[in-house]
Amino acid sequence: MKWLLGILINAVLFVAISGYFSGLYIDSFLSAVIASVVLSVLNILVRPLLIIFTLPITFVTLGFFLFVINAVTLLLTDGIMGSAFEISGFGMALFIAVIMAIVNLVLQMTVFQKHSA
């Protein structure tokens, strides 16, 4: 249930970001949900490998390189989704990764923390 809620939150976040910034284009809310599922699968399969391969640089940058890894997974999602989900470039992907991390952190600290206690 928590995974499905995370998918929907990320889809809403994609739509909100695309409404405010021209660097992200989404065809429809369904495309945002599908992109969120694709991103979730990439985070399960590809992200751990990227983290292991880039562990030294992640350590040196005190973990900030994880934002770059998140941006890369967003760009992979863009490549898989085709024209239904478009990110204008790496800078925009990095910006989206930072926004998503902040929003997910706030949600983890507020919404999900209250339900697990």
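## Ser40 in helix α2

Ser40 lies in helix α2 of this predicted model. With a relative accessible area of 11%, Ser40 is buried, because the cut-off for that class is under 20%. Its side chain makes a polar contact of 2.7 Å with the side chain of Trp3. Leaving out residues up to four places away in sequence, Ser40 touches Trp3 and Ile7.

Ser40 is one of several buried residues in α2; the others listed are Ser31, Ala32, Val33, Ala35, Ser36, Val38, Leu39 and Leu42.

## Helix α1 and Asn10

The buried residues in α1 are Ile7, Ile9, Asn10, Ala11, Leu13, Phe14 and Ile17. An α-helix has 3.6 residues a turn, so residues three or four places apart point the same way.

Asn10 is found in helix α1 and counts as buried, at 14% relative accessibility. What does Asn10 touch, not counting residues up to four places away in sequence? Its contacts are Ser36, Met100 and Asn104. Of these, Ser36 is among the buried residues of α2.

## A nonpolar patch on the surface

Ten residues are named in a nonpolar patch on the surface: Trp3, Leu4, Leu8, Val12, Val15, Phe29, Val37, Val41, Ile44 and Leu45. Together they have about 900 Å² of accessible area. The elements that give two or more residues to this patch are α1 (2-20) and α2 (29-45). Trp3, a member of the patch, is also the partner of Ser40 in the polar contact between side chains.

Leu8 belongs to the patch and is found in helix α1. Is Leu8 buried, partly exposed or exposed? At 38% relative accessibility, Leu8 counts as partly exposed, because that class lies between the 20% and 50% cut-offs.

Thr77 lies in helix α5 (residues 65-81). Its relative accessible area is 0%, so Thr77 is buried. Leaving aside neighbours within four places in sequence, Thr77 is in contact with Ala35, Val38, Leu39, Leu42 and Phe85. Among these, Ala35, Val38, Leu39 and Leu42 are buried residues of α2. The C-alpha atoms of Thr77 and Val103 are separated by 19 Å, and the two residues are 26 places apart along the chain.

Thr110 is found in helix α6 (residues 90-116). At 34% relative accessibility, Thr110 counts as partly exposed. A polar atom of the Thr110 side chain lies 2.8 Å from the backbone oxygen of Val106.

## Leu62 in a loop

Leu62 is found in the loop between α4 (55-60) and α5. Its relative accessible area is 74%, so Leu62 is exposed; the cut-off for that class is over 50%.

What is the phi of Leu62? The angle is near 60°, a positive value in a residue other than glycine. Most residues other than glycine have a negative phi.

Note on methods. Residues numbered from 1 in each chain as written. Predicted model: local features only at pLDDT ≥ 70, side-chain atom pairs only at ≥ 80, totals over all residues. Heavy atoms only, no water. Patch = residues over 30% accessible without salt bridge, like charges linked within 9 Å, V, L, I, M, F, W, Y side chains within 5 Å. Areas by Shrake-Rupley, 256 points an atom, 1.4 Å probe, with all protein chains shown as cover. Salt bridge = Lys/Arg side-chain N within 4 Å of Asp/Glu carboxyl O. Helix = DSSP H or I, 4+ residues; strand = E, 2+ residues; numbered from the N terminus. Buried < 20%, exposed > 50% of the residue type's maximum accessible area, 1.4 Å probe, protein only. Polar contact = N/O pair within 3.5 Å; in protein donor to acceptor, adjacent residues only side chain to side chain. Contact = heavy atoms within 4.5 Å.
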